[in-house]
Amino acid sequence: METMPCHNQRVSSADASRQQQAGATDRDQDCSEQSVTGSGVVSRQLRFSEPGPGGDSPSPDSSSCCSGSGGGGCSCSGSNGGGPDTAPSPTLDLPAAAASRLKLLPMNDQIRELQTIIRDRTSSRGDFVFSADRLIRLVVEEGLNQLPYTECTVTTPTGYKYEGVKFEKGNCGVSIMRSGEAMEQGLRDCCRSIRIGKILIQSDEDTQRAKVYYAKFPPDIFRRKVLLMYPILSTGNTVIEAVKVLIEHGVQPNVIILLSLFSTPHGAKSIIQEFPDITILTTEVHPVAPTHFGQKYFGTD
């Protein structure tokens, strides 16, 4: 099966014919970021270079990222379709059923630019916050797309009937303080009256274990589907503790959708291994996470 041209490359019918005769090798070199899976779905391979001098400092768990990464960084594939991509199981060395719970936004140049600005240490705080809010909005919109909808029929101003869908009630957001609060406004912009709970978790200075200091939820949270908001997944320990608190309040892991901007392979794997039924939605899985996010977003760096 032939590979598809790069997303930013125009190919005429005559050019396409010549490319078919050129062979798969040349096409793979010209479009190394894409491959075709056995089912015919175009996948985009994301390749990252190792952090250079003065770049982001690796997270403590970056050494235990993808199996067989070989020093070339991690690669996570995703389709260029309309929905979130599912990270393949070899990436995190997880069973296929568990790995399917990790979903990536379809990569495009717009998302890559926002990621670049957020990671760039020379970015001004204004550019950083603006780009972060845009990326948060994209993640929130896709997170809402994972929630249930019901079919409905409405009447248009011209008197015609339109078969559509409407958002089901019974959802809520939960932000893990403090960086998770950066995602609250993006959720409110999409759902004006949605209820939002909060969890405060900090690491003990002596044991380095995450400890819950505060938790406040809607009283009927056990009946709701939860959008758990935490932008950076580094070790995954904070999210694991937050999910445990939600479970103590009657929330089942299979109704929790974790909204994140960046994740390390170790963080995603730790969460999925602990709670195989949880859904993780993020834009990137990479061994180096921008852990300065909260400080720069709120201006305390």
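Select Glu284 to begin: at 4% relative accessibility, this residue counts as buried, where buried means under 20% relative accessible area, exposed over 50% and partly exposed in between (1.4 Å probe, protein chains only). The model is predicted, so local features need pLDDT of at least 70 and side-chain atom pairs count only at pLDDT 80 or more, while totals for chains, interfaces and linings use all residues. Residues are numbered from 1 along each chain as its sequence is written, and side-chain values use heavy atoms, with hydrogens and water left out.

Arg119 lies in helix α5 (residues 109-119) and Glu284 in the loop between β15 (279-282) and α10 (293-297), so the pair ties together parts that are 165 residues apart in sequence. Helices (H or I, at least four residues) and strands (E, at least two) are DSSP runs, numbered from the N terminus. Arg119 is buried too, with a relative accessible area of 18%.

Stay in helix α5 and select Gln115. Gln115 is buried, at 1% relative accessibility. Which residues does Gln115 touch, not counting residues up to four places away in sequence? They are Met107, Leu135, Phe262, Thr283 and Glu284, with contact meaning heavy atoms within 4.5 Å.

Buried or partly exposed? Glu141 is partly exposed, with a relative accessible area of 38%, and Arg137 is partly exposed at 34%.

Now select Glu184 and Lys198. The closest N and O atoms of this salt bridge are 2.5 Å apart. Glu184 sits in helix α7 (residues 184-190) and Lys198 in strand β9 (residues 195-203), so the pair links distant parts of the chain, 14 residues apart. Glu184 is buried at 6% relative accessibility, whereas Lys198 is partly exposed at 22%.

To finish, show every salt bridge in the model: the count comes to 7.

Terms used
Salt bridge = Lys/Arg side-chain N within 4 Å of Asp/Glu carboxyl O.
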